[in-house]
Amino acid sequence: MSYQFALDIGTRSIVGVVIEREEDKIQVIDLCPIEHTKRSMVDGQIHDVKAVAKTIIKVKQILEEKYGPVEKVSIAAAGRALQTVHATAKYVHAPNQPIQKEDIKQLEYTALSEAQKQLALQFQDQKISNYHLVGYSTVATYLDGEKMGQLEGHKGTELGIEIIATFLPHIVVDSLYTALYEANLEIEALTLEPIAAIHALIPESMRRLNIILVDIGAGTSDLAVTKNGSIVAYGMVPFAGDEITEALSDAYLLDFHDAEKLKRKLQNEEEVKITDVLGFETVLKSKDIIETIRPTISNLAFQLKEEIHKLNEGIPAAIMLIGGGSLTPELGDELAKHLDLPSQKIAIRDVTAIRNIKLAKRMRTGPENITPIGIALYAKENQIRYNRITINGQHHQIYETGTQTVSDAFINAGIRAKDLYGKMGLSKVIHINGVQKVIPGIQGSLPVITKNGQPCTLQDLVAANDVFEIQKGTDGRETEITLAELLPPMPTCKIYAEGKPIENPCRIQVNEKVVDLNTWIHDRDHISFSPIINVQDIITLLKDKEIFAFTIYIDDEPYICQNFQYRIFINEKEVNPSTLIQNGDIIECTKEPFRIENLIEEKKWLPNMPIKLTFNHRPLIIDIPLFHLYEKEKLLTPSDLCVNHMRITKVINQKPLIFQDILKYVDVKKPENQTVSSFKLLKNGKDCTFTDIIQDGDEIELTWIAT
């Protein structure tokens, strides 16, 4: 006989299923449930791979004793952190050829690829590599734009499909693979638990009704919705039977496993005896216990209601409850209250509701066995086939999509192709004469990929058991560029300063600092440049480049002198600042001597302070020097030359103006027609002497006294 094996790896237990197919007849031969010895799974997620693998091995050994070697099994994943994507696809078909199964499969693969792209957009391409495709359902198929129930055998030009693809985090799926690998089992088919359950319980003929299937397990409650002839949505609530068990454990101080046993007795026994962790025995009525945990039951019903509202528009026609958690006392009534739905439209369904199967004698038919049987019956329908490949020493199970490229396989394995390329170097954003310019960075290098030891590209095809090695491309860098490479060609005139050529004759500033064309450009630089148009531009260039500048020291502080008077000759003819420059001109620049008076002007020193007086009733203005400049001990005059490295001392004039100093600025003569015996000095009408201090506004007199 040819048997098919399936495993329902649940939070509370693992159920092995054996079925036999003979033409159109399907017989469920055996169900083998074994509970975990500890809480190795929580909310549908494997936490202890080794412990789960041991339970799988126990189930496997029991089945092998009865039915021979078990090497491949169908499995299903719970909807923990489920992501669903609606996707559509079209496929052009030869109009004169009947549609084959291969055509439909290619159409489905195209829709699956589209679903994965949509998921990438949904997560902004940040988390897509963390998700694994676990199943899909066909919502509708189309032929030349018209909805069609079955495409196979028809003829047409354009095939269309709408699917719901389901994705789970890689950690959920990878832990299942690892546990099976530890048990020396290979996955024959993988699906999602609600997909398997709804295919088993709600055939296509019933899907025109708006029915919601709720599979309440120990760790998760999975939902599936039918409407208008199709499965239209899947969902998950991370709240299920274990929360009821934990509520009992907390209320009555019970070990978790003892609380689980108590929960199972509440439906069938009026009174139960419990022994808490302190050793006290108590007999309680089941109805009183139910009232104690009613808030938790109501909370489960509320969370189911919230997910139903999220998945389904309006109130459904009916709700089917399956799974071991569906036996939670009065859960149906609580759910009916939350949904404002008649309680007779919510029902617990068991294995006997599955059509077209034959059950072995004495087989348990409770609602907890619908999903395990559904996995065995339907995991291979709309099956996602997987190939095993190795990437950089790590094994990956990737789903087939017909003709699959290396790029497709890497995406399936959670490796984004763009992450393999070296990143583009950072761009520079600069401004040139106020206009923004972006200088792109240097592109990173391509990845080096080998397949089975030979170089390959992302477009090469993939086969089962291929071994890949990837060496990521190196990242690019910022573009290194100088002003000479960035700016347009400079003027062609030749400029000489006292016989020496001036290179790159153009006025260039970076961030308001004068630079030359060999300067490197950095991000956010503000560059300004102006070509030489007239002689004034040349003078400005000479100042900017400090062509004629020299350094003197004033009170030991260096100072650069550059405020010169220039003589400019174009083609040996002296010109003025407004003269225009022509291409090919030869320009000679010289400077006039730089004197002390030029230094005083450039430093903007105030050399004198005017004092206004009256002398002998006539106005007099005397300029009093505010300072004196010395080179060593030599007093410098305004006409003295400044030379490079000259050392100047500036001395503030602190000597006051006295009457005697006035005589330097006036002509005093004795009267010629009379004999003078003496003189008299007056300041502001009062007697004074030659040493009296004179201030601004004073009236002074010198008068002669006759004999």
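Figure 1. Keep in mind that the model is predicted. The protein chain carries 16 helices and 44 strands, and 47% of its 707 residues count as buried. Among contacts with a separation of 6 or more, 65% link residues 24 or more positions apart.

**Figure 2. Strand β17 and its two parallel partners.** Strand β17 spans residues 318-322, and four of its five residues are buried, so the rest of the structure largely encloses this strand. Strand β12 (residues 211-216) pairs with β17 in the parallel sense over five bridges; look for Asp215, whose bridge partner in β17 is Ile322. Strand β18 (residues 346-348) also runs parallel to β17, over three bridges, and here Ile319 stands opposite Ile346 of β18. To get from β17 to β18, the chain passes through helix α9 (residues 331-339), making a right-handed β-α-β crossover.

**Figure 3. Inside the nonpolar cores.** The largest nonpolar core has 73 residues, and those touching the most other members are Leu7, Ile9, Ile56, Ile75, Leu180, Leu201 and Ile354. Zoom in on Ile56: leaving aside residues up to four places away in sequence, Ile56 touches Leu7, Ile9, Ile14, Ala179, Leu180, Ala183 and Leu185. There's also a second, separate core of 36 residues, including Leu254, Leu304, Ile319 and Leu331.

Definitions and conventions
Residues are numbered from 1 along each chain as its sequence is written. This is a predicted model: local features need pLDDT of at least 70, side-chain atom pairs count only at pLDDT 80 or more; totals for chains, interfaces and linings use all residues. Side-chain values use heavy atoms; hydrogens and water are left out. Buried means under 20% relative accessible area, exposed over 50%, partly exposed in between (1.4 Å probe, protein chains only). Two strands pair if DSSP finds at least two bridges between them. A crossover is right-handed if, with the strands pointing away from the viewer, the path from the first strand over the helix to the second runs clockwise. A nonpolar core is a set of buried Ala, Val, Leu, Ile, Met, Phe, Trp, Tyr and Cys residues joined through side-chain atoms within 4.5 Å. Contact means heavy atoms within 4.5 Å.
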